[in-house]
Amino acid sequence: MTPYATLADCKMYGCLLDEDADTAEQWLHRASRDIDTLTFNRIPARGGLAQLTPFQREIVTEVCCRLAVFESENAELLDSAVTSYSINGVSASFGSGWGVTTKNGVVLPVNLYQHLCQTGLCVRTVMI
């Protein structure tokens, strides 16, 4: 399965992954799978990115780039089983917050999810 964005797309949107090309490609692949989860697999069901409108394609590509950067920068926290901790009266919790949300098990910035919702692919209805 081809990721919904390339390294060239990331550079175009100003989303530079700090890893080498192979690792960056893995982050883009992971972000693409997370987009499939958020869109209820509507993109592969329709035949891939090429079957979307230009507007939808542009948004999905940009969200893929930005989500890959977010996931690579926060990999330790996102992959951790710990949801909160407290030391000497100071505590921290991980999960939904002011700038981050969890949808269908995917943690991502609220603004990215709202941007993806503009495509109409995140609606919880049956689409034909």
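**Entry 1: a serine to start from.** I keep in mind that this is a predicted model. I began with Ser32 and asked which residues it touches once those up to four places away in sequence are not counted. I found Pro3, Tyr4 and Cys64. Ser32 sits in helix α2, and with a relative accessibility of 0% I noted it as buried.

**Entry 2: the whole chain.** I then stepped back to the overall layout. I counted six helices and four strands. Reading along the sequence, I get the order α-α-α-α-α-β-β-β-β-α. Of the 128 residues in the chain, 37% are buried. I also looked up the contacts with a separation of 6 or more, and 66% of them join residues 24 or more positions apart.

**Entry 3: α2 against α4.** Next I wanted to know at what angle the axes of α2 and α4 cross. I read roughly 115°, with the axes coming within 8 Å. I put the crossing of α2 and α4 down as right-handed. From α2, I listed Trp27, Leu28, Arg30, Ala31, Ser32, Asp34 and Ile35 as making the contact. From α4, the list is Val60, Val63, Cys64, Cys65, Leu67, Ala68, Glu71 and Ser72. Sorted by class, this contact has 10 nonpolar, two polar and three charged residues. My serine from the first entry is on the α2 list, and its partner Cys64 is on the α4 list.

**Entry 4: salt bridges.** How many salt bridges does the structure hold? I found three. As a reminder to myself, side chains of opposite charge can pair when their charged atoms come close.

I took the pair of Glu71 and Arg30 first, where the closest N and O atoms are 3.7 Å apart. Glu71 belongs to helix α4 and Arg30 to helix α2, so this pair ties together parts that lie 41 residues apart in sequence. Glu71 is buried, at 2% relative accessible area, while Arg30 is partly exposed, at 30%. Both residues are also on my list for the contact of α2 with α4.

I turned to Asp36 and Arg33 next, whose side chains meet at 2.6 Å, N to O. Both lie in helix α2, three residues apart, about one turn of the helix. Asp36 is buried at 5% relative accessible area, and Arg33 is partly exposed at 24%.

The remaining entry on my list was Arg66 with Glu62, at 3.0 Å from N to O. Both are in helix α4, four residues apart, again about one turn of the helix. I have Arg66 as partly exposed, with 31% relative accessible area. Glu62 has 16%; the cut-off for buried is under 20%, so Glu62 counts as buried.

**Entry 5: helix α6.** I finished on α6, residues 110-117, and asked which of its residues are buried. They are Leu112, Tyr113 and Leu116. Looking down the axis of α6, I see these buried residues fall within an arc of 100°, so they line one face of the helix. I then checked what they pack against, and found α2 (21-38), α4 (54-73), β3 (100-103) and β4 (106-109).

Terms used:
Residues are numbered from 1 along each chain as its sequence is written. This is a predicted model: local features need pLDDT of at least 70, side-chain atom pairs count only at pLDDT 80 or more; totals for chains, interfaces and linings use all residues. Side-chain values use heavy atoms; hydrogens and water are left out. Buried means under 20% relative accessible area, exposed over 50%, partly exposed in between (1.4 Å probe, protein chains only). Helices (H or I, at least four residues) and strands (E, at least two) are DSSP runs, numbered from the N terminus. The arc is that of the directions from the helix axis to the C-beta atoms. Contact means heavy atoms within 4.5 Å. Axes are lines fitted to C-alpha atoms, for helices over the stretch in contact, and angles run from 0 to 180 degrees between N-to-C directions. A crossing is left-handed if the near helix is turned anticlockwise from the far one by less than a right angle, and right-handed if clockwise. Ala, Val, Leu, Ile, Met, Phe, Trp, Tyr, Cys and Pro count as nonpolar, Asp, Glu, Lys and Arg as charged, and the others, Gly among them, as polar. A salt bridge is a side-chain nitrogen of Lys or Arg within 4 Å of a carboxyl oxygen of Asp or Glu.
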